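Please consult the sequence and the model while reading.

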Amino acid sequence: MYEEIACVLDGVLGTNQKIDLLGFSLGGGVAMYMLYKRPSSIRRAVLLCPGSRETVPLDFQSKSAENPGIYHGWETLEGLQHFFKAGLGFYPEAIPFTFIQRGMVKLRSLEYPSGYLSGYIKAFHASKKFHTFLADNGRQMKEALEKSGTEVLIATGERDVVCEYKSMSKIENALGSKVVVANVVIPDCGHYGGPKGKSGPDANVLAEASAICTRFLDDDHSSTAIVHLGASPVTSPANNKCDDDGEDVEGRDENGWHIIGQQRTRRVSLSDRAMGSHNI
């Protein structure tokens, strides 16, 4: 995938043009590789639920490798339905109608021979490639991205079992606070599924994260970053656990959430997640 992105970058935009890049799931992993290979070409990057060998929990990797047919390698209606719930984090009311699911299964069967995806996923998990990508290349990436002035936003769903939000600290620590301006947790979202009670085409983590991503990519944003969107409103000073300057105090809040990020960042309540009154 990197080669295709590089071709578009060079052929359409030109070698001197900087881009804003958003990568979701596996695309987030590709975006990280792009940050490594072409740091000077990227102005700002959003890593949305980014998948990498170092951030996907070992438990999920084991389940996917042992039973790919009910995770990413689904080929049947039953496998797809399991993946919607246990992989993508959909609540029942947001899962597409059965006739749509049957169409998805049919399209996949026309695109890939039976057993192809399961075999691919097993081989992928057996491979040792990229197992230590951040550990091996983090320092080089950090220095190059700081030099180019590239900024990165990380955003992950609270219920994401594919890319747990707690694992995102590995990316944040590798790239450093000068590069990662915010590490955001999106309340009650899975790897793709949205909050409970929502249904329809906007019931997903992409829709929930759209406001903060838009503000981050806006030219006028300041260095103040939103770190954590709480699981419940946290509008009182006691709940915010901030000092007099509105800065985060490291630790956990009353809901057991990790407070993620640098002390120059602030937290806002769930009701403020559209960021109408906050700069990023």
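Strand β2 (residues 42-48) and strand β3 (residues 151-157) run parallel and are joined by 5 bridges. This is a predicted model, in which local features need pLDDT of at least 70 and side-chain atom pairs count only at pLDDT 80 or more, while totals for chains, interfaces and linings use all residues. Residues are numbered from 1 along each chain as its sequence is written, and side-chain values use heavy atoms, with hydrogens and water left out.

**Sheet**
- The open sheet has 4 strands in the order β1-β2-β3-β4, with parallel pairing (strands are DSSP runs of E, at least two residues, and helices of H or I, at least four, numbered from the N terminus; two strands pair if DSSP finds at least two bridges between them).
- At the edges are β1 (19-24) and β4 (180-186), each of which pairs on one side only.
- From one strand to the next, the twist averages 10°.

**Helices on the sheet**
- Helix α2 (residues 26-37) packs on the sheet and touches β1, β2 and β3 (contact means heavy atoms within 4.5 Å).
- Helix α8 lies across β2, β3 and β4, running at about 175° to β4 (angles run from 0 to 180 degrees between N-to-C directions, and axes are lines fitted to C-alpha atoms, for helices over the stretch in contact).

**Helix pair α7 and α8**
- Helix α7 (residues 133-148) packs with helix α8 (residues 168-175) at an angle of about 50°, their axes being 7 Å apart.
- The two helices, α7 and α8, are therefore oblique to each other (angles under 35 degrees count as roughly parallel, over 145 as roughly antiparallel, 65 to 115 as roughly perpendicular and the rest as oblique).
- Leu134, Gly138, Met141, Lys142 and Leu145 of α7 meet Lys170, Ile171, Ala174 and Leu175 of α8.
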